[in-house]
Each structure stands twice: as C-alpha cells, then as structure tokens.
Amino acid sequence: MKPTTFSLFVTLAALAACNNLYSPSASVPPGRNFTVIRAQGDSLAIADTLNKFRAALGGSLNAPNSPPADSGRREINWDGVPAALTNVDNFPADFFNVNSKRGAIFSTSGTGFRVDSSGFSDINAGLADQFKAFSPKKLFMSVGSPVLTVDFRLVGTTTNGLVKGFGVVFSDVDRANSTRVDYFDANGVEIASIASPAHLGAQGFTFVGAVFDSAIVARVVITSGDASLDATTQDVSAGGTKDLVVMDDFVYGEPRPLR
C-alpha cells in the first residue's frame, strides 16, 4: 500500500504581514488575528484536518434548520440535496438559508450553481475520472465562472451575519495558487487571502480554512481553479491548459449578529 502523504500548515495572521495578507503595519487590527489551516492528502488526512478545524472553531455542530445559536458551527456537504436539484445548473442560491437553513447565500459572476453526483461527466465525458468526492458522492461548482461568493446570514433570516471562520475541501487542485479563499469583513475589506496547496499525486484533496479570534467574516470569495467546467475544456492533468477544480464540504462558524 502506498503510504499516505499529509501536510498541515498553521500560520498566525499577526506574523503574516510579510506574506501580503495585510498591508504592513505595527499591529493587527482588533479581531483580525487568525489561524490558517491547510492540508493536502487523501480522505483520511483531510478528515483529520477537518477535525482540527472544527475544534479551532469551537462548540458543536448546529443541525440544519435549527435556530440561530450563540456558538458552534454549520456544515454543508451537498449529499442531502434532493434529486430534482442535482445534476442541473440552477441550484438555488439561497437553498442553504431557506430550504435547509444554515445561514449561507451564494452568488457568482457566472450563470448559476450545480450540485453533481456524476463526477461532472454529464457536463464533459472526459471528466468522468477527474474528480473524487470527499463525502460521497456529490460535489459542487459555480456554473460559467470558477468564482463563488458566500455571504452569511443569521440562520433562516435576511439579517447579515458574521462567522468566526470558514473552510472548504477542494477536489483536484493541480497547481498551487490556482485556487484560493479570500475573506472579507462587514465593510468589504479583505482581511485574509489564502491559497490552496496542490494535491498530492492521486490523493486528490486539499483543504483551506481560517479561524479568526472573533466573528468578523461577512463574506468569502472562493476561486476554484483557472476556469469553469464546460463540454470541451480539459484539465491540465489530462493534457489541457486549465486547472479545473471543484468543491466539496464547507465548514464555518455559526453566523452571529453584526456588532
């Protein structure tokens, strides 16, 4: 059996000004200290990292449709999405705040969103063996653009919310820096920008997450690779020129009221 290779990086934002996460300054603004957790490896390695990330967020998992809470976290793994909303390009942007309430609203510069159970082979047969699901078997992407924005709401309401942290599992990041998560506060100021490492061989998965010292994140922007999936574009690992990447689990802090 080939040994699992696993890599975990933890960085304090207070020490990261030299990495251009912030403009250089004498001190980190209040609330903006954060821990970066990144990993690459197989499903066991990513599961271990997710547990570390959950512990850093603190509290327990708050069930879908439960009312807003004072602590804990919410998770999205796509697998409970109904068949009628799977393998189509019109997955509702507010599904996870209306149908299955978890305080997340999606938007994109593309044309829609897709939860997929076919490994995206319904879009492009050449992708049939490209993407693995971390939590089988559904995956997620934005349609027509590799960029997805997630805004947070107090669960089940239209009230803007703030989370303490956010993390996402990616499938098939071939090139470091093709994929990233950018974090913004309630004023639209970018407070962190974290690139995904490339995956390791056939292992397939990477994880990117950041946990702040308080609930400060109003929005995250996720860039999944160089291009969106379509009927003709091939991944760089299959002789194409673009790094095609899709998403699996989202894990984030319970959305809290703006202060």
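Student: By class, how many nonpolar, polar and charged residues are in the lining of the largest cavity?

Tutor: Rolling a probe the size of a water molecule over the atoms shows where empty space is left. A cavity is a set of points, on a 1 Å grid over the protein atoms alone, where a 1.4 Å probe fits but cannot get out, and lining residues have an atom within 4 Å of a point. Here the lining of the largest cavity has seven nonpolar, four polar and no charged residues; Met and Pro are among those that count as nonpolar, and Asp, Glu, Lys and Arg count as charged. The lining includes M141, P146, S224 and M247.

This is a predicted model: local features need pLDDT of at least 70, side-chain atom pairs need 80 or more, and totals for chains, interfaces and linings use all residues. Residues are numbered from 1 along each chain as its sequence is written, and side-chain values use heavy atoms, without hydrogens and water.

Student: Is R54 buried or exposed?

Tutor: Buried means under 20% relative accessible area, exposed over 50%, and partly exposed in between (1.4 Å probe, protein chains only). R54 counts as buried because its relative accessibility is 19%.

Student: Which residues is R54 in contact with, leaving aside its neighbours within four places in sequence?

Tutor: Contact means heavy atoms within 4.5 Å. R54 is in contact with R73, E75 and V251, with neighbours within four places in sequence left aside.

Student: What does F91 touch, not counting residues up to four places away in sequence?

Tutor: Its list is V81, L85, F96, F106, F113, R114, V115 and F140.

Conventions
On a 1 Å grid over the protein atoms alone, a cavity is a set of points where a 1.4 Å probe fits but cannot get out, and a pocket is an open set with protein on both sides within 12 Å along at least five of seven lines; lining residues have an atom within 4 Å of a point.
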